[in-house]
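Please look at the sequence and the model shown here, and keep both in view while you read the explanation that comes after them.

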Amino acid sequence: MQEKAFEKPGNKRFTGPVCKSNLPKELDILIENILAAQPESIDFDLIVRAYYFAENAHKGQLRVSGDKYLIHPVEVANILSGMKADDKMLAAALMHDVIEDTSVSHAQIAEEFSEEIAELVEGVTKLSRMSFSSYEERKAENARKMIFAITKDVRVILIKLADRLHNLKTLQYLPDDKQKRIAQDTLDFFAPLAHRLGIYSMKNEMEDLAFKHLMPDIYREISHKVEMRKSEREEEIHELIVELTKVLKAMDIDATVQGRAKHLYSIYKKMKRDNLNFNQIMDLMALRVIVPNLKDCYSTIGIIHLVWKPMGERIKDYISRPKQNMYRSLHTVVFGPKHKPVEIQVRTEEMHRVAEYGVCAHWLYKEGTKKPSVFDQHLAFFRNVVDWQAGTMDAREFMDTLTIELLSEEVFVFTPKGEVVALPIKATPVDFAYHIHTEVGDTCKGARVNGQIAPLDRQLKSGDIVEIITQKRTTPSLDWLSFVVSPAARSKIKQFHRKLDFEDNVESGRLLLEKEEKRGGLQALELLTEHYLKSKLSIFNYQNINALYAAIGRGDISPKVVIKKLKDTLVHKLKSKQTHARKLSLLQKIPLEGDSRDFGIIVDGLDNVKIKIAKCCLPIHGDRIVGYVTKGSGITIHRKMCKHVTSKTFDKERLTKVSWLAGFDGRYLSSIDLWVLDRIGLLNDLTNAVAETKVNISDLKMHPSSDKTVRIRLRVQVKNKRALEKVIGLMLKIPDVLDVSRSVRM
């Protein structure tokens, strides 16, 4: 066993064999699992530091089951260790709940570990702080942001899936209604998401656990029947394995033949879909054959068909036509011994890894590299989703469309040049046209399928050769929306017609707005001058004046509402000028040091002690705090979870007990970090949200990125922690705000 030295933060350094008694039991098991998967490429010191960081953050927290909370992130890391997760991903898994469930911030994780790990943890953090009008809206927004996260770093969603899988394993401790809701969400979204990423091992386990809680009676019945037939089926499978191995060996094919167990939910789905009884399902035996190379895959299928008669005319060839999740294998069904049907899959070892672990099989963690071509193919679906959902304003519409896409089967058709195109089942030539290019779809006049003229609403079948006939002056018909099935096609057709009607709506909207201004006798205020309108566009979230006019012309916004907002804004601006100078001077005068009574703080029973508010963590009324005795400078007040207080170099003997004075009415400086998508009017929305809570902004800094996202830091004045949380909650409801967190820096 290799020797490894570890250091527990704040403790003496200790050495010894990896995975022995010098580590807590759960950490010991985790490291054993990591060593079994990939011992050479993991920084174990990082894993140990992340474990103790999470242990400290979650100290005193328990799960509903009564177990200490730390067990959950450790189990999430255990699940990922079997997928050869890299050390940064494992560290993030161990800390994946600290931002959400403790006072630890993004900045603290970045400081202690790295910005990369902090981004992973922040990406996984649930949106539980957000306020939605309904559970369905919350679910839809979670899904939207998860899809966006996948395209930035797929490791985020892998941690999220592992988190969901472990939660399913402990679902029995929750109330029945919550069990069923989580189970249904899993079948509707998380299991299909794992399927789309090609992680069948995780998908199958999720489905069985969700099935167990959603339909317990049916689950128990099928489980019992499977167990009763277990020994009989194992004997039959063993005979098949021996016979097929012998045949393949005689033909010089070095194959591994395995029995393939059906998971319970797949049995239930097949019974329901094909109207079969249990015995009919269980009569269908399943084998998997793993061979050395691609050539042997096809040779093996030929040999199998010589030994046993195939059912049906063709095999399913997912090697030449991989599924969208990059699954590759050959499938056939034959009449085996005693004329019983046998399902057989044939694949290489590499194909098998992809089938089990999907996108994880292409994530090469050694030296931080990956296979870009295959990896990008794996994520192409999610990048396409980001593209077509950009025009979808309604979160529920997005969720409905996404669910259909995740669950949809595929057809494989060919271009005239022989290139394979994967489309949703029931796709038409119009879906094909928009898949090729937007311009091809917009100018589509007709189609040939297999060399024959075909109607545009014809449903394509796998193997069809499709050719699109285009004409420059042709435009897409709104009638196409009645038969196209791909989100991309629907989105592009709608976009074209919005643009087509734009000019008419602009003129109509301008006239309606002028008429409303005259009707109210407000011409003297000059509300509709081009300069004033441009300066106030952010109020309405439109990029330019014509976009606002078009929205009025379409009826999206009332001219009466526009005039009222313009008038109210002008009046408010005139009043604000009178008080702006006075307010600005007040904003800069909140001190960070003085007498403890001025801050509502009691130091060890005393209410008049010289203190400083620590700039490293900016505690505010309501935070858990501690005092630090400085030499000649009084007491410095820190948050208890401040990175300096929790660091191993901090002198714990100089800490002193401090507390907040109940009911104290003061003002405190605090900072808020936001991650947003850049758009016109967003800053106005943010400042309006702050103003709604009667909180002052004393400073604002913006840091744009190349990917059209912006990091914003606000310095605000608040009365207490509750007021700060209210501001964060309102900001999280603003469209295009990706995340909001409290900063620990000035």
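What you see is a predicted model, in which local features need pLDDT of at least 70 and side-chain atom pairs count only at pLDDT 80 or more, while totals for chains, interfaces and linings use all residues. Residues are numbered from 1 along each chain as its sequence is written, and side-chain values use heavy atoms, with hydrogens and water left out.

We can begin with the interior. A nonpolar core is a set of buried Ala, Val, Leu, Ile, Met, Phe, Trp, Tyr and Cys residues joined through side-chain atoms within 4.5 Å, where buried means under 20% relative accessible area, exposed means over 50%, and partly exposed lies in between (1.4 Å probe, protein chains only). The largest such core has 65 residues, and those with the most contacts inside it are Leu27, Leu80, Met95, Ile109, Ile117, Leu161 and Met202. Helix H2 (residues 44–57) gives this core its largest share, 10 residues. Apart from this core lies another one of 38 residues, among them Ile613, Ile620, Val695 and Val710.

If contact is taken to mean heavy atoms within 4.5 Å, and residues up to four places away in sequence are not counted, Ile109 touches Phe53, Met95, Val98, Ile99, Val104, Ser114, Ile117, Ala118 and Val121.

Helices and strands are named here from DSSP runs (helices are H or I, at least four residues; strands are E, at least two), numbered from the N terminus. Helix H2 has 14 residues and reaches 20 Å from its first C-alpha to its last, close to the 20 Å expected at 1.5 Å a residue, the expected span being 1.5 Å times one less than the number of residues. How many of the residues of H2 are buried? The helix is mostly covered, with 10 of its 14 residues buried, and these include Phe44, Leu46, Tyr51 and Phe53.

Charged side chains come next. Side chains of opposite charge can pair when their charged atoms come close. A salt bridge is counted when a side-chain nitrogen of Lys or Arg is within 4 Å of a carboxyl oxygen of Asp or Glu, and by this rule the count comes to 19. One of them joins the side chains of Lys643 and Glu111, at 3.1 Å from N to O. Because Lys643 lies in helix H27 (residues 643–646) and Glu111 in helix H6 (residues 106–112), this pair ties together parts that are 532 residues apart in sequence. Lys643 is partly exposed, with a relative accessible area of 21%, and Glu111 also counts as partly exposed, at 47%.

Another salt bridge links Glu122 with Arg711, whose closest N and O atoms are 3.5 Å apart. Glu122 lies in helix H7 (residues 115–124) and Arg711 in strand S23 (residues 709–718), so the pair ties together parts that are 589 residues apart in sequence. Glu122 is buried, with a relative accessible area of 8%, whereas Arg711 is partly exposed at 26%. In the pair of Glu507 and Arg510, the closest N and O atoms are 2.6 Å apart, and these residues, three apart in helix H23 (residues 502–519), are separated by about one helical turn. Asp86, Glu116 and Arg155 are linked in a network of salt bridges.

The last topic is the sheets. Strands of a sheet pair through backbone hydrogen bonds, either parallel or antiparallel, and two strands are taken to pair here if DSSP finds at least two bridges between them. Four strands form an open sheet in the order S22-S23-S21-S24, with antiparallel pairing. Strand S22 (696–704) and strand S24 (737–743) are its edge strands, each pairing on one side only. Eight bridges join S22 to S23, and Met702 stands opposite Ile712 in S23. Helix H28 (residues 682–692) packs on this sheet, touching strand S21 (668–677), S22, S23 and S24.

An open sheet of three strands has the order S12-S11-S13, again with antiparallel pairing. Strand S12 (452–454) and strand S13 (466–470) stand at the edges with a single partner strand each, so one side of each is left without a neighbour in the sheet. Three bridges join strand S11 (residues 444–449) to S12, and Arg448 stands opposite Ile453 in S12.

How values were computed. Axes are lines fitted to C-alpha atoms, for helices over the stretch in contact, and angles run from 0 to 180 degrees between N-to-C directions.
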